[in-house]
Structures are given as structure tokens and as C-alpha cells.
Amino acid sequence: MIGIDPSARTSGTGVCVINGRYVSFAPNMPNLDAVLQWLEHEAPNPARVVIENSNLQNTSFIMQGSKAAVAKIARNVGRNQEASQAIVDAARRIFGEQSVTEISPKQKGSKWCQKTADGVAQSLGHTLPKRMSQDKRDAYMLAVRKVK
């Protein structure tokens, strides 16, 4: 199972791979090209893939501040939507339509803190790094998600 939490931010996209009890994280992927290269050349295949697709939820949550600040947020939301959809499209091409599940940010739900991720990992017999970025916790959350 692969969980992917796309981000156009500098911190990059979070990618978690679960194979039985073994959990690993792809190295920091600072841009869309790095994610697409990883999917094409390094990702385990076959695999089931769960991707947060912010393109499914066309909303900018923060509308406060100056006109310039709101415009910057809107641009960032658009970049994340574009990156999310490109990753979904590539994953479908690589793994097949039936192997890819896309989830909106609303469907994904609240972000997990480290304590929550550790609790889930313990219940599933997984071992996680002591400290993980939010992107990696989100990718782990997606990877452990039960999909139909």
C-alpha cells in the first residue's frame, strides 16, 4: 500500500509505503517531477495507492487578510490541486485505474499528531520514526486507510 500526500510547498510531497508490517518513507520530494520519477522508477509495483487529491475539493479555506495574501493562498491552493491531479493521473497510468483511490482533504479528515500516528502504528504492528513531518504522517494516514 502506498499513501501519497501531495504538496507544492518546499517541504514537498509525503510518500509512505507499507508492505506487511514494514513501513518506509520515500525521501523528501520537493517538486512534482521528483514524485513522478519516483512513481515511474522506484515505487513498488504492483501496489494499491491512496492519494489525497485536493482537486476534489475546490475550496480555499483562508479568505482573511490583505488582497495580496488571499491571492497568494489561492495560487498555492491551485498549485496543490494541479500537483494532486497530476499524481493521480500518473498513478492510474502506472498502477491501473482500479489500484488508485483518490480522497479529498475533507474525506481524509483531521491531521494526525505524532502521538496519534504512533498509536495507530502500534495497533497495526508498525514501527515509525520517532519524529515525522506532517507530510509523512499524512501519507501514513492515507496508506493505512481501508479502501474498498
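Predicted model: local features only at pLDDT ≥ 70, side-chain atom pairs only at ≥ 80, totals over all residues.
**Exercise 1. Is Trp112 buried or exposed, and which residues is it in contact with beyond its neighbours within four places in sequence?**

Solution. 
1. Trp112 sits in the loop between helix 3 (105-108) and helix 4.
2. Its relative accessible area is 17%. With the limit for buried at under 20%, Trp112 is therefore buried.
3. Beyond the neighbours within four places, Trp112 is in contact with Ala117, Val120, Gln134, Arg137, Asp138, Tyr140, Met141 and Val144.
4. For one of these residues, Gln134, a C-alpha separation can be given: 7.8 Å from Trp112, across 22 residues along the chain.

**Exercise 2. Determine how the buried residues of helix 1 are arranged around its axis.**

Solution. 
1. The buried residues in helix 1 (32-41) include Val35, Trp38 and Leu39.
2. Viewed down the helix axis, the buried residues fall within an arc of 100°, so they line one face of helix 1.
3. At the start of helix 1, the backbone nitrogen of Asp33 has a side-chain oxygen of Asn31 within 3.2 Å.

**Exercise 3. Locate the cis peptide bond.**

Solution. 
1. The bond joins Asn45 and Pro46, with omega at about 15°.
2. Most peptide bonds are trans.
3. Pro46 is placed in the loop between helix 1 and strand 4 (49-52).

**Exercise 4. Describe the five-stranded sheet and its relation to helix 5.**

Solution. 
1. The sheet is open, its pairing is mixed, and its strand order is 3-2-1-4-5.
2. Strand 3 (22-25) and strand 5 (100-103) are the edge strands, each pairing on one side only.
3. From one strand to the next, the twist averages 15°.
4. Strand 4 and strand 5 run parallel and are joined by four bridges. Val49 stands opposite Val100 in strand 5.
5. Helix 5 lies across strand 1, strand 2, strand 3, strand 4 and strand 5, and runs at about 140° to strand 1.

**Exercise 5. Which elements give two or more residues to the largest nonpolar core?**

Solution. 
1. The largest nonpolar core has 20 residues, and those with the most contacts inside it are Ile2, Ile4, Trp38, Leu39, Ile51 and Phe95.
2. Two or more residues come from each of strand 1 (2-5), strand 2 (14-19), helix 1, strand 4 and helix 2 (67-95).
3. Helix 2 gives the largest share, six residues.
4. Leaving aside neighbours within four places in sequence, Phe95 is in contact with Ile2, Leu39, Ala43, Pro44, Asn45, Ala47, Val49 and Val100.

Methods:
Residues numbered from 1 in each chain as written. Heavy atoms only, no water. Buried < 20%, exposed > 50% of the residue type's maximum accessible area, 1.4 Å probe, protein only. Arc of directions from axis to C-beta. Polar contact = N/O pair within 3.5 Å; in protein donor to acceptor, adjacent residues only side chain to side chain. Core = buried A, V, L, I, M, F, W, Y, C linked by side-chain atoms within 4.5 Å. Contact = heavy atoms within 4.5 Å. Pairing = 2+ DSSP bridges. Axes fitted to C-alpha atoms, helices over the stretch in contact; angles between N-to-C directions.
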